[in-house]
Amino acid sequence: MLTLDHISYAIGNKTIFNDASAELIDHEITCLIGPNGIGKSTLFNLITQSIQPESGQIIGIPDKIALLAQKNELFEPLAVRALLTIQRDTLDEEVLNLLQLKQLLDRPIEKLSGGQRQLVWLGYVLHQEPDLLLLDEPTTYLDLYYQQIFLKALTTLQAQRGFTVLMILHDLTQAFSNSQNIWLIDANKQLITGSVTELMDETLLSETFKLPLSIVEHAGQRLIIPEL
Ligand SMILES: Nc1ncnc2c1ncn2[C@@H]1O[C@H](COP(=O)(O)OP(=O)(O)OP(=O)(O)O)[C@@H](O)[C@H]1O
């Protein structure tokens with residue numbers, strides 16, 4: 001289990017984490033939420049060891065980590081098939097079907113729509129067969145149709161294959177309805193962790209996002225919306 005053990009990290013004089021501890025539950029989806037600029041991507045950088053904590057340590061980092069960054073760029077023009085088979089010989093039929101990529105295999109990636117491209121990038125990280133998948137705001141630029149395809153494919157494959165997911169999402173309803181656990185960085189930069197049930201708390205969420213938020217039941221789903 002990946003464990004943050006009392007980590008502290010600052011950029012210049014600015015404290016980002018101060019003695020933060022957390023355990024990432026294996027084989028489940030955890031969403032990382034918190035205001036803009038609070039340190040979510042920095043936490044990903046610590047987990048991928050592209051930066052080191054000033055004190056404390058991260059234990060149990062799996063060998064096979066895949067990261068879907070906010071912006072994914074190609075170094076050279078590639079067709080979808082070529083990207084998916086960069087690190088392996090065969091295509092994963094199930095991933096192709098769930099992400100609706102079969103009809104795109106021979107298309108140049110740069111000529112796809114933003115939504116199609118994001119499905120291709122998810123396909124790319126899934127073809128790496130990671131033990132831990134980190135996703136940084138993967139649905140931000142997607143319309144509702146592509147958001148649903150993306151999240152359904154991710155949650156279906158995760159449930160079948162059991163890889164661990166840590167995903168940054170800004171849409172709170174989406175975060176709580178597509179995960180089992182939440183890591184929340186609050187307004188005081190404290191990392192608070194728990195199950196979706198434990199952290200589904202109007203007061204905590206309103207204080208974190210400095211906005212009155214309500215939790216509303218609709219059609220069997222719990223929606224987190226700003227009070228009008
Ligand atoms: N290279 C850098 N130099 C200076 N400050 C930085 C650098 N990278 C990040 N920061 C600062 O560190 C803080 C945390 O940034 P980070 O990108 O981790 O936040 P975030 O929670 O992912 O934000 P967002 O939700 O807006 O993507 C921010 O205040 C940011 O300005």
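In helix α8 (residues 202–209), the residues L205, T208 and F209 are buried, where buried stands for 20 or more other C-beta atoms within 10 Å of a residue's own, with C-beta atoms placed from the backbone. Helices (H or I, at least four residues) and strands (E, at least two) are DSSP runs, numbered from the N terminus. The model is predicted, so local features need pLDDT of at least 70 and side-chain atom pairs count only at 80 or more, while totals for chains, interfaces and linings use all residues. Residues are numbered from 1 along each chain as its sequence is written.

**Exercise 1.** Explain why the buried residues of α8 line one face of the helix.

*Solution.* First, recall that an α-helix has 3.6 residues a turn, so residues three or four places apart point the same way. Next, look down the axis of α8: its buried residues fall within an arc of 80° (taken from the directions from the helix axis to the C-beta atoms), and they therefore line one face. Finally, these residues pack against α6 (172–177), β8, β10 (213–218) and β11 (221–226), contact being C-beta atoms within 7 Å.

**Exercise 2.** Find which strands stand at the edges of the open sheet of six strands.

*Solution.* Begin with the order, which is β5-β6-β7-β3-β8-β9, with mixed pairing; two strands pair if DSSP finds at least two bridges between them. Then note that β5 (65–68) and β9 (191–195) stand at the edges, each with a single partner strand, so one side of each is left without a neighbour in the sheet. Within the sheet, β3 (residues 29–33) and β8 (residues 181–185) pair in the parallel sense over four bridges, and the bridge partner of C31 in β8 is I182.

Terms used
Buried ≥ 20, exposed ≤ 12 C-beta atoms within 10 Å, placed from the backbone. Contact = placed C-beta atoms within 7 Å.
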